[in-house]
Structures are given as structure tokens and as C-alpha cells.
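Q: I'd like to learn how to read ring and core features in a model like this one. Could you walk me through it?

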Amino acid sequence: MPISKPTAAASSDRRATGAPIRSVRDFVSYRLSVLSRVLDRTTEARMIKASVLALTENRILGLLYDGAATTVRAVAKEMCLDKAQVSRAMTKLVKHAYAGRTIDPVDRRSAEFRITEKGRDYYTAHIHKAREMQVDMLKHLDADELAKLDTAIAKLMTFAEERAEALEEEMQAAQARAARTVGTLAE
């Protein structure tokens, strides 16, 4: 038996009135997560036909196209991805000669990646497909809804980044306390 889904309108009505959350489907984080996965799946399915790169690899190539040389750590932080996942994607980009790898002159343990001419040509040839998909998705929103969506996303990103920073500080403080406790016990 399939899982029943409450209608978007009913869920929205409960949130607008401050009614208690009755289902996991009422959580904004859940809804955004599902939306993101569905959009990623459909985007990747449409792109795979014309691309040798997966969606994450295409997105990383886009970041390289937009900026200067960068590191796995910087990309992982910006995209909120695991460093190992970004490292695998960077390795594939280098393997296909879409990106080049050099040793960071400041931190010789770290590598810098930059887009190659082949990568620029590939990205330029394929970005139109992503733009078409973006236009197709956003045509379902009027200008006011799109402006509100952009504002809402910006506010939620600020909240999430502040929360992540606070949690990171709490974890570091807890680790420091644990290390002091272990040090005290060892004495």
C-alpha cells in the first residue's frame, strides 16, 4: 500500500495557523530535502543523455568555470558535500582533462584545481541544457513568488549557516573538554 501524502494546501494551512506538526511531511527541512532529490534526479536523468559527467561533477565544473583555482576543501564547504565525494569528482574531472591539478604553493599538502580549456568548452556546450531546465522549472512561479522564494532561501541559508557554525563551535568545545578530562585522568 502506498504512503499517503497530505495535500500541499492542507500542510500549508497547518503551518500558517501555527497548528502542531502532525507529520514528518510538515517539516520544511523534509520537504526541501525531498524536492532537492527529485529535482536532482530529474536534472541528472536529462543531463546524462548529453554528458559524460554526473550532476555533481557538472556542478563542480561550473564552480571552476566561475572562479579561480580552488581546493577540494573549499568546494566541499561551499557545496556542503563530503570531501571524499568532491575528491572523487575532481579526480574524474582531471582524468577527462576538464580540470587541471597543481600543488598549492602555500600548503604543499593541498592541491589546487582549475578548469582547463577543454573543461570550458564542455561547460559552455552543456550549460544551455541546465538553463533550459531552470527556465522550465521557474515558469511555474510568477515574479512575486520567485522574489519571495529567493528571499526565503537567503534567510534559510543564513539561519542554517549560523546554526552550523554554532554546532561546530559546540563540538570543538566538547572535544577540548574531553581532551582536558583525558589529560587529567592520565596524570
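Predicted model: local features only at pLDDT ≥ 70, side-chain atom pairs only at ≥ 80, totals over all residues.

Q: Which residue lies over the face of Y98?

A: That's K118, at 5.1 Å from the centre of the Y98 ring.

Q: And rings with rings: how many aromatic pairs are there?

A: The general idea is to look for ring centres within 6.5 Å and then check the angle between the planes. By that rule there are two aromatic pairs here. Y65 and Y123 make up one of them, with 4.7 Å from centre to centre and 35° between the planes. Planes under 30 degrees apart would be stacked and over 60 edge-to-face, so this pair is tilted.

Q: Where in the chain do Y65 and Y123 sit?

A: Y65 belongs to helix α3 (residues 55-66) and Y123 to helix α6 (residues 117-138), so the pair links distant parts of the chain, 58 residues apart.

Q: What does the pair of Y98 and Y122 look like?

A: That one is tilted too, with centres 4.6 Å apart and 35° between the planes. Y98 is in the loop between α5 (83-95) and β1 (99-103), and Y122 is in helix α6, 24 residues away. Y98 has 8% relative accessibility and is therefore buried; Y122 has 7% and is buried as well.

Q: On to the nonpolar core. Which residues have the most contacts inside the largest one?

A: For a core, you follow buried nonpolar residues joined through their side chains. The largest one here has 19 residues, and those with the most contacts inside it are I60, L61, L64, V86, M90 and L93. At least two residues each come from α3, α4 (72-79), α5, β2 (111-115) and α6, and α5 gives the most, with four.

Q: What does I60 touch?

A: Setting aside neighbours within four places in sequence, I60 is in contact with V75, M79, V86, A89, M90 and L93.

Q: How many helices and strands does the protein have?

A: Seven helices and two strands, running α-α-α-α-α-β-β-α-α from the N terminus. Of its 187 residues, 20% count as buried.

Technical notes: Residues numbered from 1 in each chain as written. Heavy atoms only, no water. Phe/Tyr/Trp six-rings, centres within 6.5 Å; stacked < 30°, edge-to-face > 60°. Buried < 20%, exposed > 50% of the residue type's maximum accessible area, 1.4 Å probe, protein only. Lys NZ or Arg CZ within 6 Å of the ring centre and 35° of its normal. Core = buried A, V, L, I, M, F, W, Y, C linked by side-chain atoms within 4.5 Å. Contact = heavy atoms within 4.5 Å.
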